[in-house]
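Colleague: I would like to learn how to read a model like this one, feature by feature. Please give the idea and then the case.

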Amino acid sequence: MRLIIRLIAQLIVIVAITLAATSAYVMIDAHKSVEVETVATADRVAFELENLFWREILWRGSMRRDKVLPVPNWESLSTLKLVSPGVCIAFAPAGEEPRQLCSRLEDVGAAAPEWFARAYREVFGPERPAARQLTVRAPETGVVVAIANADAAIRQAWSQISVILGIAASMATAICFLAAMAIARALAPTQTIIKGLRHLQDGRYRRPIAACQAAEFGLIAEAVNELAERLAHTAAERTALTKRLFEVQEEERRALARDLHDEFGQCLTATLAFAASIEAGASEQPDLAEDARSISRVAKRMMATLRETLARLRSQDLEELGLEACLIQLVAGWNARPQSRAKVHLDLAGNLKALPRAVSISVYRIAQECLTNAMRHGCANDIRVRIESGAWNDGQIAMTVEDDGGGDPASVKASAGHGILGMRERIAALGGSLSIGRSAQGLRIAARIPLSPPSGTAPTGPAMA
């Protein structure tokens with residue numbers, strides 16, 4: 001719409017400039033026509049009075065030319081017919097006082113507005129008179145002077161301009177209206193193309209742009225549709241690869257957990273048994289008994305660390321116990337740690353038992369990562385985890401983690417850590433969205449994952465709030 005408005009505004013400016021130029025031309029032409037009429041009036045009246053002069057000489061047979069001309073006779077109706085509207089004639093025969101004969105001012109036209117009259121006077125100044133000798137053979141007979149009435153010139157110019165500009169303004173209005181309709185019709189496909197590009201921006205690649213009548217816009221729409229097809233194909237491949245990557249990752253986690261449990265767990269158990277045996281047999285050697293007890297303490301710390309690591313790595317409990325039990329166990333584990341000062345609250349709503357395996361694993365991993373980040377990097381005293389699923393949730397599972405640690409969402413979004421990136425990729429692979437914002441006193445991480453993504457629709461990227 002902004003382009004259409006700009007084009008129409010430019011068209012209006014062009015029309016206004018054209019009207020201004022037309023007005024200036026009409027004013028100049030009207031001024032020239034007044035001057036031409038003034039000169040023509042002077043020529044006509046001078047010619048008529050010259051004829052009258054010589055007729056009087058012939059009629060009276062007198063050679064005293066300075067006394068022959070009948071002064072009252074020249075101010076007649078026949079002379080007035082020769083004077084153009086708005087022009088005055090001044091004539092003084094034989095050195096007498098000049099007398100003036102003017103045509104009717106009302107015959108020129110209606111009075112012009114004051115602003116126009118002022119502008120006309122500023123541009124053209126006073127009118128110039130036109131003088132004609134009555135006869136060159138008798139200069140003493142006098143001079144005919146014709147001058148246009150200033151108001152008459154302004155009226156004549158206004159009369160011409162008002163008519164021409166009225167027609168021009170009507171034509172300009174019609175042209176602007178029709179041109180605006182034509183421009184709006186020609187640029188109408190841009191809205192469709194912009195809407196299609198918005199869909200691409202939002203990750204909705206399966207909405208092709210309808211064909212446009214204009215050849216240029218048709219080519220643009222075709223190129224955008226081809227780009228959407230490529231992006232949809234690339235997004236589908238990326239989603240499949242991401243899902244496979246997390247499946248392989250879970251398999252590697254289980255294999256690593258199994259190896260740690262079977263190898264390191266047994267070795268640490270044997271180490272504890274050996275240390276206990278050494279401590280029992282070294283009753284007479286206090287130093288050796290103390291070393292054995294040190295070995296036991298170190299082995300127990302390693303066993304505790306190993307159990308925590310196995311708890312983070314293993315996901316087979318989700319298949320055995322279910323998501324709800326694993327989440328309760330996860331929260332209870334964090335609350336049971338003596339060094340943890342934050343209290344974790346868990347709120348579950350809806351049926352979490354029928355979730356797909358990939359969704360259950362992702363929800364658990366996201367909750368695990370959020371709690372780990374809040375405990376390690378935040379100063380929270382209260383952490384609340386809420387997970388809800390069901391028909392009232394638009395067929396999605398919604399998860400929010402809020403704390404009162406007073407963190408900065410912008411720094412979390414811009415962090416180069418793998419935890420946030422992993423959560424984004426997990427959710428994007430399932431067609432969901434992730435937002436990181438501010439809670440009442442800290443951070444709020446919200447995730448939404450569709451339980452049954454529409455077929456043929458590429459997943460949307462993570463939304464950042």
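Colleague: How many bridges join S5 to S6, and do they run parallel or antiparallel?

Modeller: This is a predicted model. Strands count as paired if at least two bridges are found between them. Here S5 and S6 run parallel and are joined by seven bridges. One place to look is histidine 345, which stands opposite arginine 384 of S6.

Colleague: What is the order of the strands in the sheet that holds this pair?

Modeller: The order is S5-S6-S7-S9-S8, five strands in an open sheet with mixed pairing. S5 (343–349) and S8 each have a single partner strand and stand at the edges, so one side of each lacks a neighbour in the sheet. From one strand to the next, the twist averages 10 degrees.

Colleague: Which residues have the most contacts inside the largest nonpolar core?

Modeller: A nonpolar core is built from buried residues of nonpolar types joined through side-chain atoms within 4.5 Å. The largest one here has 37 residues, and Val344, Val363, Ile383, Ile387 and Ile397 have the most contacts inside it. Elements that each supply at least two of its residues include helix H9 (323–336), strand S6 (382–389), strand S7 (396–403) and helix H12 (418–429). H10 gives the most, with nine residues. A second, separate core has 16 residues, among them Ala46, Leu52, Val83 and Ile89.

Colleague: What does isoleucine 383 touch?

Modeller: Leaving out residues up to four places away in sequence, isoleucine 383 touches Ala342, Lys343, Val344, His345, Leu371, Ala374, Met375, Val401, Glu402 and Asp403.

Colleague: Now S4. Which of its side chains are buried?

Modeller: In S4 (residues 143–148) the side chains alternate between two faces.

Colleague: Which strands pair with S4, and in what sense?

Modeller: S1 (residues 87–91) pairs with S4 in the antiparallel sense over five bridges. S3 (residues 130–133) is also antiparallel to S4, over four bridges. Valine 145 of S4 is the bridge partner of alanine 90, and alanine 131 stands opposite valine 145 as well.

Colleague: Is threonine 38 buried or exposed, and why?

Modeller: Buried means under 20% relative accessible area. Threonine 38 is at 2% relative accessibility, and therefore counts as buried. Threonine 38 sits in helix H1 (residues 2–60). Beyond four places in sequence, it touches Val87, Arg128, Ala130, Ala146, Ile147 and Ala148. A polar atom of its side chain lies 2.7 Å from the backbone oxygen of valine 34.

Colleague: How many residues does the protein have, and what share of them is buried?

Modeller: There are 465 residues, and 37% of them count as buried. The secondary structure consists of 12 helices and nine strands. The accessible surface is about 27,100 Å², with 59% belonging to carbon and sulfur atoms. Of the contacts with a separation of 6 or more, 69% are between residues 24 or more positions apart.

Technical notes
Residues numbered from 1 in each chain as written. Predicted model: local features only at pLDDT ≥ 70, side-chain atom pairs only at ≥ 80, totals over all residues. Heavy atoms only, no water. Buried < 20%, exposed > 50% of the residue type's maximum accessible area, 1.4 Å probe, protein only. Polar contact = N/O pair within 3.5 Å; in protein donor to acceptor, adjacent residues only side chain to side chain. Contact = heavy atoms within 4.5 Å. Areas by Shrake-Rupley, 256 points an atom, 1.4 Å probe, with all protein chains shown as cover. Axes fitted to C-alpha atoms, helices over the stretch in contact; angles between N-to-C directions.
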